[in-house]
Amino acid sequence: MTRLDGDPRVVPVYALTRGRTRSVGRDLPWESMITTTSVGVESLPKLRFEQAHIVGMCQRPLSVAEVAVELHLPLGVARILVSDLYADGMLVVHRPLLTRAGRPDSEILERLLAGLKARL
């Protein structure tokens, strides 16, 4: 496992999901925007480090991909953590409007790319 400066994580990332590759709830697309609920804010003192960090960060809208970048996690692990928090009522998911092809509009993807670049 690679540790980044200031990263308090001492376990491998797969342990964060208990080895799961699917969330307990619904798997969310990486471009989904998420925000914290009042339940999430109230639960902050009881949450594990990564969960608390996600709930704290999402007091302003962020995408699942941005959460992965911010926490230095693989996208799949971030999706599971976010989906679990959503299933527990701690996050609200704002899904983007899709094109006829079932994909997010290019404008949304460009904004996400800009947000990701800003975090790197």
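Start by selecting Thr 35 and then look across to strand 3: the bridge partner waiting there is Val 92. Keep in mind as you click around that this is a predicted model.

**Stop one: the sheet**

Now widen the selection to strand 1 (residues 33–36) and strand 3 (residues 91–94). These two run antiparallel and are joined by four bridges.

Which residues face Met 33? Click on Met 33 and check both neighbours: Ser 63 is its bridge partner in strand 2, while His 94 stands opposite it in strand 3.

With everything still selected, you have an open sheet of three strands in the order 2-1-3, with antiparallel pairing. Strands 2 and 3 sit at the edges with a single partner strand each, so one side of each has no neighbour in the sheet.

**Stop two: a pair of helices**

The crossing of helix 3 past helix 4 is right-handed.

Where do they touch? Show side chains for Glu 50, His 53, Ile 54 and Met 57 in helix 3, which meet Val 67, Glu 70 and Leu 71 in helix 4. Colour this contact by class and you'll get four nonpolar residues, one polar and two charged.

How values were computed
Residues are numbered from 1 along each chain as its sequence is written. This is a predicted model: local features need pLDDT of at least 70, side-chain atom pairs count only at pLDDT 80 or more; totals for chains, interfaces and linings use all residues. Side-chain values use heavy atoms; hydrogens and water are left out. A crossing is left-handed if the near helix is turned anticlockwise from the far one by less than a right angle, and right-handed if clockwise. Contact means heavy atoms within 4.5 Å. Ala, Val, Leu, Ile, Met, Phe, Trp, Tyr, Cys and Pro count as nonpolar, Asp, Glu, Lys and Arg as charged, and the others, Gly among them, as polar. Two strands pair if DSSP finds at least two bridges between them.
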